[in-house]
Amino acid sequence: MTNTFILASLIEPAVGLIFWTTITFILLLVLLGKFAWKPILSAIKTREKGIEDALASAETALKDMRELKSNNEKTLAEARAERDNLLKEARDTKDAIIAEAKAKSQTEADRIMSSAREQITNEKNAAIAELKNQVATLSIEIAEKILRSELSSDEKQKALVSNLMKDVNLN
Amino acid sequence: MFFLKLLNFWQFISTFAPENKSLNHLLRVMTNKINIFKKFSGVALAVFALFLVLSSNLSADENPSVGEEIHADGTIEPLPEEAKGSIDISAIAIEHVSDAHSWHFWGEGHHSVSAPLPIILKGNNGIAFFMSSEFDHDNEGKVIVEKNGERFVMFEEKIYYANETPNAYGQYVTLTSEDKEVSVSNAAVLDFSITKNVTQMFLSVLLLVWLFTSIAKTYKTQGVTSAPKGKQSFFEPLIVFVRDDIAKGNIGHCSDKYVPYLLTVFFMILVNNVFGMIPIGANLTGNIAFTLVLSVATMIVTNINGNKNYWSHIFLPHAPKAIWPILIPIEVVGILTKPFALMMRLFANMTAGHIIIVSLVGLIFVFKTIYIAPVSVAFALFIDVLECLVAFLQAYVFTMLTALFIGSAVADHNEDGMHTEDDEKLVAGH
């Protein structure tokens, strides 16, 4: 047959095919829309949302971890500082206690020493005073005895007076 | 001859290219790609052109006529058997891309191996139902099938009411021809047959429903947290591509509503494009009735979702009222030309690919030498590989343009970058 005849049939839409295509296409649209696209698209969306959420939560977790780490470091540094502080304080306290004890013992020692010295002085003075008293008593007794012996006779009395008188003249 | 026709056809189609920024962008991208493609295949094309010139000359010398002779009185006489040595490749090519009432595998005439398909006819006396095998491989109006008291014959894959008596060649149809154009004057029967294309469409629907419901089931059984496997891992990226790049990219924030439609269109076209690539497959997506239904569906979806801006752009265009009488009809015609271009684009692309392959193989029979076979096979292989790309590309383009048309119909005016300049001018003018 000549080409034109068949060519015309190529560009001329067949009623039967239009009919069946329309029915089939609508059917396909309904079937796939209900049983395929709806679950598939929702599943894909759910998964995408899941991935998004997972990424976001991972990001948050990372941030949290970083924060925690820096917190930890901070706490550690604080603890270290605290420890140093404590040690220093303890050392200071120890030093202070030692120094205080030293000072206390020094003053006590000083006090004891001074009281001892005072006591010694007192004792010494008392002893000196006693000694003086005794010396005085002795001297008086001696002087009494001398006097008694000197003035035991008249001549001796006269000699004494004349002696004393001699001194006065000389003066 | 049909190459020229095809060329004219393309020019005809290109006049309908819608004025649209995104489309222009697409065309520019495609032109760039074609330029790159040209660079590599320039030499190959030159060789091919040479062969074409040679083939036309040779065939002109060898076969002054094809198959049959048309007499001055309008009757057609088949040439004697010995004169039928040459083959009318164009007729074979056209037949190859056309619909058929039986699924032909191989062989000629009574020796052909084909699967019979149901024929459903709406005659004057009700619906007739029988298998195509009852025509006994006849396609020339010679075998009559009688149902419901009505007599049917098939001529060139079209079913007519048979004449009472056969003509000189045993045909029960009245043929008239003028200027090489043959027409049948018998009344055609309303034909709702399950043709080859319809059968393939049913098969593709079964495949699609099975495929995607089983994928949907996988999501249900394996949960959404596990990585996609098997079919799922191949189709999920395509689904996501249609959803994000095609739907969201062209429609915008309210795209979710249209995603199921776009997905259905995309996979329906893709699967049938791929089926068409199989040698015995039917050329469904290269059939104008199929593309017509799809583009009408797109037109309906676009227009019932068209918002105030869409309609005001058509009936109250931003232009001086004086040119409204010109502009409004153009815009109204634009409602039709957009889906028309969709219909033609898919049909012509798929059909042209199939015709080129048949023609390349046909070169062997035109030259009647086996030495042309390597060239034919090489070029046919090249076109075949190209067609694999086109199968995906045309499914993408159809879906993308559908999304684009829907997008332009539902877009808010402020979002529509195309008109903001005009709006500003209008505001300034007021």
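The paragraphs below follow that order. The model described here is predicted.

Chain B has 430 residues, of which 32% count as buried. Among the contacts in chain B that link residues at least 6 apart in sequence, 62% join residues at least 24 apart.

The next topic is the contact between the chains. Chain A contributes 38 residues to this contact, and chain B contributes 51 residues. On the side of chain A that touches chain B, α1 (3–11) and α2 each supply at least two residues. The most comes from α2(A), which gives 26 residues to that side. By residue type, the side of chain A that touches chain B divides into 26 nonpolar residues, eleven polar residues and one charged residue.

The largest nonpolar core holds 79 residues, and A:I40, B:L262 and B:F266 have the most contacts inside it. Two or more residues of this core come from each of the following elements: α2 (15–150) of chain A, and α3 (89–97), α4 (196–222), α5 (231–251), α6 (259–277), α7 (288–304), α9 (324–367) and α10 (373–410) of chain B. The largest share, 14 residues, is that of α9(B).

A:I40 shows how the two chains meet. Apart from its neighbours within four places in sequence, A:I40 is in contact with B:F212, B:I215, B:A216, B:Y219 and B:I239.

Notes: Residues numbered from 1 in each chain as written. Chains lettered and ligands numbered in written order. Predicted model: local features only at pLDDT ≥ 70, side-chain atom pairs only at ≥ 80, totals over all residues. Core = buried A, V, L, I, M, F, W, Y, C linked by C-beta atoms within 7 Å. Buried ≥ 20, exposed ≤ 12 C-beta atoms within 10 Å, placed from the backbone. Helix = DSSP H or I, 4+ residues; strand = E, 2+ residues; numbered from the N terminus. Contact = placed C-beta atoms within 7 Å. Nonpolar A, V, L, I, M, F, W, Y, C, P; charged D, E, K, R; others polar.
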